[in-house]
Amino acid sequence: MKRLNSQLQDDGAPMELILLLRTLLAGCKEISFRVSQGALAGVLGSTLSENIQGETQKKLDVISNQILKDILSESGYVKAISSEEEDDVVGCNPNGNYLVSFDPLDGSSNTDINSLIGTIFSITHAPQWMEADDPSAFLQPASQIVAAGYVLYGPSTMLALTTGKGTHLYTLDKTHGGFLLTTANVKIPVQTSEYAINGSNQRHWETSTQQYIGDLLLGTNGPRERDFNMRWVAAMVGDIHRILCRGGVFLYPYDKRDPTKAGKLRLLYEANPMAFLIEQAGGLADTGTGRIMEVMPTEIHQRVAVVLGSKQEVEACLSYR
Ligand code: AFP
């Protein structure tokens, strides 16, 4: 099977970006090991601290963040990092050529139940003019991303990665420690009968979301004239992985619980990298009012509404607006 290096070279990725990705993935392999140790290594459960989003941090959130922060800071390739678990941008090498944004452990509440979790990341060029800890350099739309992906810590550890030449899936071969290409050029089926949304928020949704999901629930008795199935992993990495593998649509729409928040998910750490992966696999990714890839961030911890996945179903959802 083809190795990661070889696929990245075939896709025309520059050597420095390949080396940076290998460094980042070395950190993810360490996270994978810690996750697999679970209660044996005392890494499960919560800390007493909250992150900038006001969420109680799990021990594995803190451990994963530290692993990635250390390995990227010491690599020399990175000028600064921005993490869901850091209040501010962390300056690294003033001469580094890249910026890395990441959610070190997406879906961390799933650590309590030994279920799917993952690391989501994206990489952009570092502007020459920036100071190493200048947050404004991270305020670039996803169309500027040079590499994005996630590592899913599931029954096997898998990597979904794009450098803009298609989305490829790799599986970690723990016998020699490398990621091997297991599905090249993933193509999301254009049509789907599967959707993912946290239905417990229904009463807070806007009318357009109520109507769209209502019609899916009516199945063969409604205007869609076919039945739909629902899945919810509570970790975006798990839901997006399923969509890459067999299609579907994922929604975390705006809701009225906190009108000051445009959505729940983070633009830099979740929506942008997933939008790039989904679009490179032939799907669509939208906020409900425009393409996620074109959103100009205004702050590093910005939240956004998302609907992404199989092309026709995203279009169907948007037609209700
Ligand atoms: P964490 O990264 O804080 O664990 O949150 C996970 C997440 O942002 C995303 O991965 C899930 O799709 C979503 O939250 C789950 O939200 P609910 O709490 O509404 O199930």
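How do the residues of the lining of the largest cavity divide into nonpolar, polar and charged? I found eight nonpolar, five polar and no charged. My classes count Ala, Val, Leu, Ile, Met, Phe, Trp, Tyr, Cys and Pro as nonpolar, Asp, Glu, Lys and Arg as charged, and the others, Gly among them, as polar.

**Ground rules**

I am working on a predicted model, where local features need pLDDT of at least 70 and side-chain atom pairs count only at pLDDT 80 or more, while totals for chains, interfaces and linings use all residues. Residues are numbered from 1 along each chain as its sequence is written, and side-chain values use heavy atoms, with hydrogens and water left out.

**Cavities**

Rolling a probe the size of a water molecule over the atoms shows where empty space is left. On a 1 Å grid over the protein atoms alone, a cavity is a set of points where a 1.4 Å probe fits but cannot get out; a pocket is an open set with protein on both sides within 12 Å along at least five of seven lines; lining residues have an atom within 4 Å of a point. Grid points are joined across faces, edges and corners, and a volume is the space filled by probe spheres set on the points.

I counted two cavities of 30 Å³ or more. The largest cavity holds about 110 Å³. Its lining has 13 residues, and Ser101, Ser122, Thr124, Phe138 and Leu268 are the closest to its centre. I then looked up which elements contribute (helices, H or I, of at least four residues and strands, E, of at least two are DSSP runs, numbered from the N terminus). E5, E6 and helix H6 (267-280) each supply at least two lining residues, and E5 gives the most, with three.

The second largest cavity has about 30 Å³ of space. Leu8, Asp11, Leu161, Thr162, Thr163, Gly166, His168 and Tyr170 line it, which I sorted into three nonpolar, four polar and one charged.

The contact between them (heavy atoms within 4.5 Å) takes 46 residues from domain 1 and 31 residues from domain 2.

Where does the largest pocket lie? It lies between the two domains, because both give residues to its lining. I noted a volume of about 430 Å³. The lining has 26 residues, with Gly107, Ser108, Ala234, Lys264 and Arg266 closest to the centre. Among the elements that each supply at least two lining residues are strand E5 (98-106) and helix H5 (236-246). I get 11 charged, eight nonpolar and seven polar residues in this lining.

**Second largest pocket**

About 300 Å³ of space lies here. Of its 18 lining residues, Val35, Ser36, Asn114, Ser115 and Tyr153 lie nearest the centre. Helix H2 (residues 15-37) gives the most, with three residues. This lining splits into eight nonpolar, eight polar and two charged.

**Sheets and helices**

I traced an open sheet of eight strands, with mixed pairing, in the order E4-E3-E5-E6-E7-E8-E9-E10 (two strands pair if DSSP finds at least two bridges between them). Strand E4 (90-91) and strand E10 (178-183) are its edges. E5 pairs antiparallel with strand E6 (residues 117-125) over seven bridges, and Tyr98 stands opposite His125 in E6.

Helix H3 (residues 59-75) lies across E3, E4, E5 and E6, running at about 160 degrees to E5. Axes are lines fitted to C-alpha atoms, for helices over the stretch in contact, and angles run from 0 to 180 degrees between N-to-C directions. H5 lies across E5, E6, E7, E8 and E9, at about 105 degrees to E7.

The other open sheet on my page has five strands in the order E12-E11-E13-E17-E15, again with mixed pairing. Two bridges join E11 to E13 in parallel, and Ala196 has Phe250 in E13 as its bridge partner. Helix H7 (residues 311-318) lies across E13, E15 and E17, running at about 150 degrees to E17.

Methods
Domain bounds come from an automatic or database domain assignment.
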